[in-house]
Structures are given as structure tokens and as C-alpha cells.
Amino acid sequence: MASSLHRLYSFRRCPYAMRARLGLLFAGLQVELREIILKNKPAEMLAISPKGTVPVLQCLDGAVIEESREIMAWALEQQDPQGLLDAQVLRQANALIEQNDNEFKYWLDRYKYADRHLEMSQTAYRQRGEAFLQVLEALLTNNRFLLGLNATIADIGIMPFVRQFAHVDRDVFYSLPYPNLQLWLKHWLEHPFFLQTMAKFQPWQEGDDVVVFPS
């Protein structure tokens, strides 16, 4: 069955794919969703994106967007009813996402998979990652969201990674001295769009009916 929608290759538990789906939800856009299995990536995805990582957005005009940050921005540039691309804070938002992707993610991976990275202890990796959590906690001291009273692309771009950090050891995370960050994360985990983001879909196979996200 042919689809008249842009096509998103995604993997439910990947934080990069989560934020791409959040961007689409906040933009109010629908896509054809193809859920994949990372150990068995479909040839159709590899043909348009040989690097083999998710998310990948295949646009109707043939353009391929391979980076989650770019998918979020693309979606919100189409329509942004809640103002997540607030021009007054966009530079700061992008800088925060950059820090998340280039610094925090490095320590997050080592904290989560400490048994693969034996140079330091899991606790030491966690403490290195906490440097970014402390930045976020300070931003949230007087604001509900990272950059003010309203959510921005920084919130949806960073939240999936803080969630992943928290889920390495929930008891430890919620014992840390970051009450504002913990409330912020709780808000997002209960947000209707995040709940939609985490809906489960069967892995796509050739010949399957089109799956529309959000349905």
C-alpha cells in the first residue's frame, strides 16, 4: 500500500528517535512509521541511510534527514503551535542540546554500560554525567522549563537522555540533590505526547499495512 506521508524509521527505546517523535507530535504532523529492530535493519532504510542509525526521515520529495536534531527542527519549522522554536532562546536551546549530545551522552553511555568501560567505576561515570544535571537543575530553579515558563526544543531534545540516565538506577537518581530536575522529568514522563511517543508497534516488514504516527 502506497503512503502519501513522510516516512520515519524509528526504534521505540532510542532516545534520539524519541525526541524525533516528540518533535513530530508537538508540530502536529503525521508520518508513516516503520519501527525497526536494530539487529535486523531493513534494506529499505539502509538504502537511503547507509550509516544505519535511527531516526531516519524520508520526505515525500525524496530528501532524507538522518539526524534527530534536524528532524525535530524540520517538523517544528513546518508548524510550531506551541512555540518550541522561540527565537529569543533558540541559540541557548541549541547550545544546551549540543552539550547534551557531545558531553552528557558520552558519560551517560559509560554509566549505563559500565561493565563495558572498565577504566572507571559506574559511580565515577555517574558523577561525571551529573555535571550536566547540575546545569539543568540550576536552569530549573526559577523556571518550570529549561529556558523559561514555556517548553522549548531544548526540553524535548534533552528529556529522553535524562530519562535514560535516571533509568540506569531509579533509586539512585531520585536520591540525588536535584529536586527541580526530578519534578521536570516527572512532568515529561506523564505528558500525553510522551505517552504517545512510547506507544508500542510491531517491527515493520515488507508488505505490512501502513502505520500512521500519531494515529
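Modeller: Buried means under 20% relative accessible area, exposed over 50% and partly exposed in between (1.4 Å probe, protein chains only). This is a predicted model, where local features need pLDDT of at least 70, side-chain atom pairs count only at pLDDT 80 or more, and totals for chains, interfaces and linings use all residues. Residues are numbered from 1 along each chain as its sequence is written, and side-chain values use heavy atoms, with hydrogens and water left out.

Biologist: How many residues of helix 6 are buried?

Modeller: Helices (H or I, at least four residues) and strands (E, at least two) are DSSP runs, numbered from the N terminus. Helix 6 spans residues 153-168. It is mostly covered, and of its 16 residues the buried ones number 14.

Biologist: At which residue does helix 6 bend?

Modeller: The bend at a residue is the angle between axes fitted to the seven residues ending there and the seven starting there. In helix 6 the angle is about 35°. A proline, Pro160, follows within four residues of the bend, which is at Met159.

Biologist: In what order do the strands of the open sheet lie?

Modeller: Two strands pair if DSSP finds at least two bridges between them. The edges are strand 4 (64-65) and strand 5 (212-213), each pairing on one side only. Pairing in the sheet is mixed, and the 5 strands run in the order 4-3-1-2-5.

Biologist: Which residue stands opposite Arg7 in strand 3?

Modeller: Strand 1 and strand 3 are antiparallel, with 3 bridges. On the strand 2 side, the bridge partner of Arg7 is Glu32. In strand 3, the residue opposite Arg7 is Gln58.

Biologist: What is the distance between the axes of helix 3 and helix 6?

Modeller: Axes are lines fitted to C-alpha atoms, for helices over the stretch in contact, and angles run from 0 to 180 degrees between N-to-C directions. Contact means heavy atoms within 4.5 Å. Met72, Ala73 and Leu76 of helix 3 meet Ile153, Ile156 and Gly157 of helix 6. The packing angle is about 150°, and the axes are apart by 11 Å.

Biologist: Is the crossing of helix 5 and helix 6 left-handed or right-handed?

Modeller: The axes of helix 5 (residues 122-139) and helix 6 come within 12 Å and cross at roughly 145°. The contact includes Phe132 and Leu136 of helix 5 and Val162 and Phe165 of helix 6. A crossing is left-handed if the near helix is turned anticlockwise from the far one by less than a right angle, and right-handed if clockwise. For helix 5 and helix 6 it is left-handed.

Biologist: What is the relative accessible area of Glu137?

Modeller: Glu137 sits in helix 5. Leaving out residues up to four places away in sequence, Glu137 touches Pro177, Tyr178, Pro179, Asn180 and Leu181. Glu137 counts as buried because its relative accessible area is 10%.
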